[in-house]
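Biologist: I'd like a close look at one part of this model, please: the charged side chains that pair up. Could you walk me through them?

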Amino acid sequence: MYNTTIDTIVLTEPLHWLNRNNTQRVAANMKRALNGAPHIQQTVIPAGIALELGSKNGWMPRSEFAQLQAHAASTLTEFVISHDGTDMTVVWDNTQTSVITGDDVDDQLGGYPLLTNVVLRFLTL
């Protein structure tokens, strides 16, 4: 069984690659000529591919979640993720929504010690 390591943060539970089979690998653009003929340009996307890792219905300790939040807030440069025995160079994906989200397993004042449905968003380099 593989562990997931994000930069120097070793997670106790491995994460799932949530969008492994749903990533855009080709960029395309289509314009029409004045006579209506389509002009299509396509190219392979070599980097900047969206990568989402998450716990699905599993859990993550709040202490690890807090470490990841701090890392996302302070690391604006590239780093390495080790996932499923593969190393990937990434940056946090600050281009869209929150880079890290999660739900408390149970409502509790001050926060429950476990989170579920954790999602981490990266861009590959």
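To start, what does arginine 20 count as, going by its relative accessibility?

Modeller: Happy to! Arginine 20 counts as partly exposed, at 37% relative accessibility; that label sits between buried (under 20% relative accessible area) and exposed (over 50%), with a 1.4 Å probe and protein chains only. A caution before going on: this is a predicted model, where local features need pLDDT of at least 70, side-chain atom pairs count only at pLDDT 80 or more, and totals for chains, interfaces and linings use all residues. Residues are numbered from 1 along each chain as its sequence is written, and side-chain values use heavy atoms, leaving out hydrogens and water.

Side chains of opposite charge can pair when their charged atoms come close. The whole structure holds three salt bridges, each a side-chain nitrogen of Lys or Arg within 4 Å of a carboxyl oxygen of Asp or Glu.

In one, arginine 20 meets aspartate 84 at 2.8 Å, N to O. These two sit 64 residues apart, arginine 20 in the loop between strands S3 and S4 and aspartate 84 in the loop between S8 and S9; strands are DSSP runs of E, at least two residues, and helices are runs of H or I, at least four, numbered from the N terminus. Aspartate 84 is partly exposed, at 35%.

Another joins arginine 121 to glutamate 52, with closest N and O atoms 3.7 Å apart. Arginine 121 is in strand S11 and glutamate 52 in strand S6, so this pair ties together parts 69 residues apart in sequence. Here arginine 121 counts as buried, at 18%, while glutamate 52 is partly exposed, at 26%.

Finally, arginine 62 bridges to aspartate 104 at 2.1 Å between the closest N and O atoms, linking helix H1 with strand S10.
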